[in-house]
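This briefing goes through selected features of one protein model.

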Amino acid sequence: MTRIDAKFAALKAEGKKAFVAYIMAGDPDYDTSLEIVRGLPGAGVDVIELGLPFTDPMADGPTIQAAGQRALDGGMTLQRTLDLAKAFRVTDDTTPIVLMGYYNPIYSRGVDKFLADAKEAGIDGLIVVDLPPEEDDELCLPAQAAGLNFIRLATPTTDDKRLPRVLQNTSGFVYYVSITGITGAAEAEATDVGPEVARIKAATDLPVIVGFGINTPEKSRAIASVADGAVVGSAIVSQIAAGKPVDEVLDFVKSLSDGAHSA
C-alpha cells in the first residue's frame, strides 16, 4: 500500500473528502517553495502535487506556465525537484507526494534511474500528462512495478468507449479534469461535474478527484461534495506569483482545504 492508498483509506474511514494542492517546485525560488510545501500538511492538504518545471507545459494555462518559467529561471531541474521532495521527507514521512509534469525530463534522465531516484526521494505517484495509455510500457507499467502509483487524467471528452482504456493501469486515484481546456481557463461547475464523476465511479473503485477551475473555498466545497475530493493549483500559484508571504499563501490554502473538508 502506497502513502496515497493509505491516505484515501484513512479519509474514507473518517467520512472526509480529500484536498489536493498543486505547487510548482522551485517557484518563486527553491527555499520559498520548500517552506510552502512543508507548510501544506498543516494547512489541511491531504496530498501534495509537486509540479516538475518544463519548458513546454501543454496542458497548463498562463499561471502555471509562468510559475514553471520562474522556477526554470531560478535554476530548478528534475534533480532539484527530487531534492526538494527529499528535504520535505526529513520532517514528514506520511503526506503523499505526486510528481506532476511531462515525459521529456524523465525520458532524458532514463526511466529506470528516474524511478529509483523518485522512490528514494519519497515520491509516491506520477501524473505525466503527455503519456496516453497506448504508451503504458514507457513509464506507467515500470512505475507500478517500482511501487509508484500512476495516476491518469479523465476529461469531459473521455467517452464510454475510451474510459476503460484510461482506467486500465491507473492506480492511486483518478484525476478528473472538470473543463475542456487548460488550467486556470474556466470555472468548474458541480452540476456538470457530478454526473461525470458518477460515470467514472461506476467503472472503477478508485477515488475520483476533480481539478481545474476551482479557485475559492465555496467552489472547493461544491466540487468535493460531488467527488472524492478537489484539487487546486492555479489559484494557489497565483498567490505565490503575487508575492504573498508564505503564511498568507498557507492561510489561503487552509481556506480551500476547509471548504473541501466541509463537503
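The model is a predicted one. It holds 2 cavities of 30 Å³ or more, and about 390 Å³ of space lies in its largest pocket. The helices α10 and α12 pack at an angle of about 30°.

**Largest cavity**

- The volume of the largest cavity is about 90 Å³.
- Its lining is made up of 14 residues, of which Y22, D60, M100, G101 and Y102 are the closest to the centre of the cavity.
- Three elements each supply at least two residues of this lining: the strand β1 (18–24), the helix α3 (62–73) and the strand β3 (97–101).
- By class, 11 of the lining residues are nonpolar, 2 are polar and 1 is charged.

**Second largest cavity**

- The second largest cavity has a volume of about 30 Å³.
- Its lining consists of L52, L99, M100, G101, Y102, I106, F114, L126, I127 and V128.
- Strands β3 and β4 (125–128) each give at least two residues to the lining of this cavity.
- The lining of the second largest cavity has 9 nonpolar residues and 1 polar residue, with no charged residue.
- M100, G101 and Y102 are among the residues that line this cavity, and these three also belong to the residues closest to the centre of the largest cavity.

**Largest pocket**

- The space in the largest pocket comes to about 390 Å³.
- It is lined by 22 residues, and those closest to its centre are V129, L153, T155, T158 and V177.
- The lining of the pocket divides into 15 nonpolar, 5 polar and 2 charged residues.

**Packing of α10 and α12**

- Two packed helices are described by the angle between their axes and by the distance between the axes.
- For α10 (residues 217–225) and α12 (residues 246–261), the angle is about 30° and the axes are 7 Å apart.
- Angles under 35 degrees count as roughly parallel, and α10 is therefore roughly parallel to α12.
- The crossing of α10 and α12 is right-handed.
- On the side of α10, the contact is formed by P217, S220, R221 and A224, which meet S255, L256, G259 and A260 of α12.
- The residues of this contact comprise 4 nonpolar, 3 polar and 1 charged.

**N169 and its contacts**

- N169 is placed in the loop between α8 (163–167) and β7 (174–177).
- Leaving aside residues up to four places away in sequence, N169 touches D136, C140, L141, Q144 and F150.
- Of these contacts, D136 is 33 residues from N169 in sequence, while the C-alpha to C-alpha distance between D136 and N169 is 7.8 Å.

**Backbone features in loops**

- What is the form of the peptide bond from D27 to P28? The bond is cis, with omega near 5°.
- P28 has its place in the loop between β1 and α2 (30–39).
- F212 is not a glycine, yet has a positive phi of about 75°.
- The loop that holds F212 runs between β8 (208–211) and α10, the helix that packs against α12.

How values were computed: Residues are numbered from 1 along each chain as its sequence is written. This is a predicted model: local features need pLDDT of at least 70, side-chain atom pairs count only at pLDDT 80 or more; totals for chains, interfaces and linings use all residues. Side-chain values use heavy atoms; hydrogens and water are left out. On a 1 Å grid over the protein atoms alone, a cavity is a set of points where a 1.4 Å probe fits but cannot get out, and a pocket is an open set with protein on both sides within 12 Å along at least five of seven lines; lining residues have an atom within 4 Å of a point. Grid points are joined across faces, edges and corners, and a volume is the space filled by probe spheres set on the points. Helices (H or I, at least four residues) and strands (E, at least two) are DSSP runs, numbered from the N terminus. Ala, Val, Leu, Ile, Met, Phe, Trp, Tyr, Cys and Pro count as nonpolar, Asp, Glu, Lys and Arg as charged, and the others, Gly among them, as polar. Axes are lines fitted to C-alpha atoms, for helices over the stretch in contact, and angles run from 0 to 180 degrees between N-to-C directions. Angles under 35 degrees count as roughly parallel, over 145 as roughly antiparallel, 65 to 115 as roughly perpendicular and the rest as oblique. A crossing is left-handed if the near helix is turned anticlockwise from the far one by less than a right angle, and right-handed if clockwise. Contact means heavy atoms within 4.5 Å.
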